[in-house]
Amino acid sequence: MMAYIDPHIHMVSRTTDDYQRMAQAGCVAITEPAFWAGFDRSSSQGFFDYFRQLTDTEPKRAATYGIKHHCWLCINPKEAEDVGFAREVISIIPEFLDCPTVLGIGEIGLNKNSKNELIILEEQLALAESTNQLVLVHTPHLEDKLKGTNLIMDAIDNTSLDPTRVLIDHVEEHTIKSVLDRGFWAGMTLYPDSKCTPQRAADCIEMYGTERLWINSAGDWGPSDPLAVPKCRLELASRGHSEELINTISFGNPLDFLSKSGKFSIS
Amino acid sequence: MQDNQMTSEEIVDRYFLEHRAKVLDIAAFLDRIDRSGSKEKDFRIIALLKCIDELQSGDENRTKRILELLSDHSVEPIDIASTKGASGAPPTS
């Protein structure tokens, strides 16, 4: 069985059974971006505890099944409308950045493309710049994705961040080309109802190739599938694509990008 | 760019029934709305019907064009995010 990496999944929202099933399907490593828990936290202390969960608890839970766990830290755009609150959370991020499993800042981005979300995005990009972190970007949902993706790429272009150290996630057919053309890495999220299905992700790979592209499940507390990556691999295999291509998109590419952090390890 | 490894016939053989079922789901969804007796068409349904028109174009890249039909094309950030959710279609479409 070929090993794979799921580079974007929210295991704090998943059961231990999911770790077991992912390991059985060949998952050897995951990375978990900080995200919205489905409710707004009432204090920055709630984020401090969440960051402890991401940097301490989840790596241990994953290790039980032989899966290496890494994470990304930030305040997500859904909780960024209150700028003062968001700045409190940003102020506690630096003390976690030296943790051996923290790969960078993420998933930052936009949700409704508001002015305050953009201010907090810019401040977290500045944090990534000043601390030389990789960046994992969340792009908005549904009707807000096209506009938000363009606003995000413009904001990054206004920094000194190297686009090859930034991955813009949740791309679809209307955003993938511009993200790749502007030099960023791109992620396709495999969801049953929104974002890409495994079949559409396979179509995009056929249209755009595999360079600077990865696939992920973004499994969380909503409709999602922690086994979406192996399902996409099966889709590609059933279409006759080579083992080399499947390995590149689901193992080699995430390994290449994540290794830029200097901290990512699968052993 | 990767070559599609399947022939047209293989693609139809493999995926036709799945997509036949999806078309029937859309038809049943629209019938369900009709049975509810509502005279006003929700903006999301209007957008969906535009997407169905787009499906019948003979051109490639239907998926991209449909996603663009379902997108907000404004360029400036909004003043304030008064909600967290997205509806799936821009209200003005």
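B:M6 is partly exposed because 17 other C-beta atoms lie within 10 Å; a residue is called buried with 20 or more other C-beta atoms within 10 Å of its own, exposed with 12 or fewer, and partly exposed in between, with C-beta atoms placed from the backbone. B:M6 sits in the segment before helix 1 (8–35) of chain B; here helices (H or I, at least four residues) and strands (E, at least two) are DSSP runs, numbered from the N terminus. Not counting residues up to four places away in sequence, B:M6 touches A:R239, A:G240 and B:I11, where contact means that the C-beta atoms, placed from the backbone, lie within 7 Å. Twelve residues separate B:M6 from B:E18 along the chain, and their C-alpha atoms are 17 Å apart.

This is a predicted model, in which local features need pLDDT of at least 70 and side-chain atom pairs count only at pLDDT 80 or more, while totals for chains, interfaces and linings use all residues. Residues are numbered from 1 along each chain as its sequence is written, and chains are lettered from A and ligands numbered from 1 in the order in which they are written.

**Where chain A meets chain B**

- The contact draws 31 residues from chain A and 26 residues from chain B.
- On the side of chain A that touches chain B, two or more residues each come from helix 4 (115–131), helix 5 (145–157) and helix 7 (198–208) of chain A.
- Helix 7 of chain A gives the most to that side, with five residues.
- Sorted by class, the side of chain A that touches chain B holds nine nonpolar, eight polar and 14 charged residues; Ala, Val, Leu, Ile, Met, Phe, Trp, Tyr, Cys and Pro count as nonpolar, Asp, Glu, Lys and Arg as charged, and the others, Gly among them, as polar.

- A:E117 belongs to helix 4 of chain A and counts as buried because it has 30 C-beta neighbours inside 10 Å.
- Leaving aside neighbours within four places in sequence, A:E117 is in contact with A:P77, A:A80, A:E81, A:L110, A:N111, A:K112 and B:A81.
- A:E117 and A:T248 are 131 residues apart in sequence, and their C-alpha atoms are 34 Å apart in space.
- B:K84 lies in the segment after helix 3 (62–69) of chain B, and it counts as partly exposed because it has 14 C-beta neighbours inside 10 Å.
- Setting aside residues up to four places away in sequence, B:K84 touches A:K78 and A:N111.
- Along the chain B:K84 and B:D53 are 31 residues apart, with 30 Å between their C-alpha atoms.

**Nonpolar cores**

- The largest nonpolar core has 78 residues, and A:L73, A:V135, A:V166, A:I168, A:L190 and A:A201 touch the most other members; such a core is a set of buried Ala, Val, Leu, Ile, Met, Phe, Trp, Tyr and Cys residues joined through C-beta atoms within 7 Å.
- Helix 4 of chain A supplies the largest share of this core, six residues.
- Not counting residues up to four places away in sequence, A:L190 touches A:C196, A:T197, A:P198, A:A201, A:I215, A:S217, A:A228, A:V229 and A:C232.
- There is also a second, separate core of five residues, including B:L48, B:I66, B:L70 and B:A89.

**A helix pair in chain A**

- The axes of helix 2 (residues 44–63) and helix 3 (residues 83–92) of chain A come within 9 Å and cross at roughly 35°; axes are lines fitted to C-alpha atoms, for helices over the stretch in contact, and angles run from 0 to 180 degrees between N-to-C directions.
- From helix 2 of chain A, A:S44, A:F47 and A:F48 meet A:E88, A:V89 and A:I92 in helix 3 of chain A.
- The residues of this contact divide into four nonpolar, one polar and one charged.

**Backbone spots to check**

- The peptide bond from A:G106 to A:E107 is cis, with omega near -5°, and A:E107 is found in strand 4 (residues 102–109) of chain A.
- A:R212 is not a glycine, yet it has a positive phi of about 55°; this residue is in the loop between helix 7 and strand 8 (213–216) of chain A.
- B:N61, also a residue other than glycine, has a positive phi near 60° and is found in the loop between helix 2 (43–55) and helix 3 of chain B.

Methods
Two residues are in contact if their C-beta atoms, placed from the backbone, lie within 7 Å.
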